[in-house]
Amino acid sequence: THRIIALPVAANGYRIITKGDANALADPPVRIAAVLGKVQRHVPLAGYAVDIVRKPVGLLLCIYIPALAIMADELRRLTAYYKTQQVYRMPGRSLWHFRHSGPLPHDRLALGMKTVMAGAVAGLLIAIPAQAALTSTATLTGSSIATARIAPLTHILFRSVAFECSLDNTVTANKLPGILLYNPGKTDTPTGNWYIQSSKGRVVTFRPQTVFDAKDDYDIEPDLKTGINYAGDYLALFDNTGKVVDAISWGTDTTYLNPALPGTLAGTTFRRVTLVTDTDSAADWAVSVSACVTVPRE
């Protein structure tokens, strides 16, 4: 469930904008029909339990360790039987039962081995799809779902680019947007002397000792003197060797995205749809427009 923070108006295409209370950014606009209901009650902390099962540590605690414990117990019983030549006891079955009904002693070892193998196969059948779900993305086409393996992102991303409203009716063509970067990697990334550039030149250069922490956002304050073109331009992040790390382009500019994102107006915000994949295409982005209120000149 996400909270509705903006009602449908003409400026956002008569769609609603939602935001998770724990999220830094709002979601892409959605149709009114997407609203399924209103939260009436909730179970405190239950979401943490559901979330942990989706992660590798949850699979380890809920699937792998219990499966290994069952297999280890079966192996222990089989080892005891082999060493002592005693009748093999399956859990919950009495010795009397095996002596008067059931397989002969030499068959019980095979039965135990089959039990272990069945447990191993069942564990794999559960674990493999679960692991695939953690590292795959699903695409729905017609009545079928296709999954594709995805590698964890490690490079710095443009998370959002917001074109601010001009409240004084001044020309906004040379004003730079608000830029939010994100480090999706599991380790901190040194970004000293990295820079962001538009078609008109560098808009910001990071200090030599700059480091982006893992899984963290970075709000960039660009130099407003360089400027950008709202009708068509790009913003590209370069490392200290001049290699492009991530980029976005819009309007008439197709330098990095072709087709590019739509041309911008004051109040337009580009937000990355997901932080799990990066296809270097316009499909990675959602566009929202907020109504700008201007102040008449005196």
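**Figure 1. Strands at the second largest pocket.** Strands β1 (3-6) and β2 (17-19) each contribute at least two residues to the lining of the second largest pocket, in a model that is predicted. The lining is made up of 18 residues, and those that lie nearest the centre of the pocket are Thr1, His2, Arg3, Ile4 and Val39. The volume of this second largest pocket is about 540 Å³.

**Figure 2. The chain that surrounds these close-up views.** The chain contains four helices and 15 strands, and of its 298 residues 32% are buried. When contacts between residues at least 6 apart in sequence are considered, 50% of them join residues that are at least 24 apart. The chain exposes about 18,900 Å², with carbon and sulfur atoms supplying 60% of that area.

Figure 3. Ile52, Val53, Val57, Leu60, Leu61 and Ile65 together make a nonpolar surface patch of about 480 Å². The elements that give two or more residues to this patch are the helices α1 (46-53) and α2 (56-84), and the largest share, four residues, comes from α2. Isoleucine 52 has its place in helix α1, and because its relative accessible area is 37%, isoleucine 52 is described as partly exposed.

Figure 4. Arginine 76 counts as exposed because its relative accessibility is 52%, whereas arginine 77, at 24%, is partly exposed, as is aspartate 73 with a relative accessible area of 25%.

**Figure 5. A salt bridge between two strands.** The structure holds six salt bridges, and one of them brings together the side chains of aspartate 217 and arginine 159, at 2.8 Å from N to O. This pair links distant parts of the chain, since aspartate 217 belongs to strand β11 (residues 216-220) and arginine 159 to strand β5 (residues 157-162), 58 residues apart. Aspartate 217 counts as partly exposed at 23% relative accessibility, whereas arginine 159 is buried, because its relative accessible area of 17% falls under the 20% cut-off for buried residues.

Note on methods
Residues numbered from 1 in each chain as written. Predicted model: local features only at pLDDT ≥ 70, side-chain atom pairs only at ≥ 80, totals over all residues. Heavy atoms only, no water. Patch = residues over 30% accessible without salt bridge, like charges linked within 9 Å, V, L, I, M, F, W, Y side chains within 5 Å. Areas by Shrake-Rupley, 256 points an atom, 1.4 Å probe, with all protein chains shown as cover. Salt bridge = Lys/Arg side-chain N within 4 Å of Asp/Glu carboxyl O. Buried < 20%, exposed > 50% of the residue type's maximum accessible area, 1.4 Å probe, protein only. Contact = heavy atoms within 4.5 Å. 1 Å grid on protein atoms, 1.4 Å probe; cavity = no way out; pocket = protein on both sides within 12 Å on 5 of 7 lines; lining within 4 Å. Points joined across faces, edges and corners; volume = space filled by probe spheres on them.
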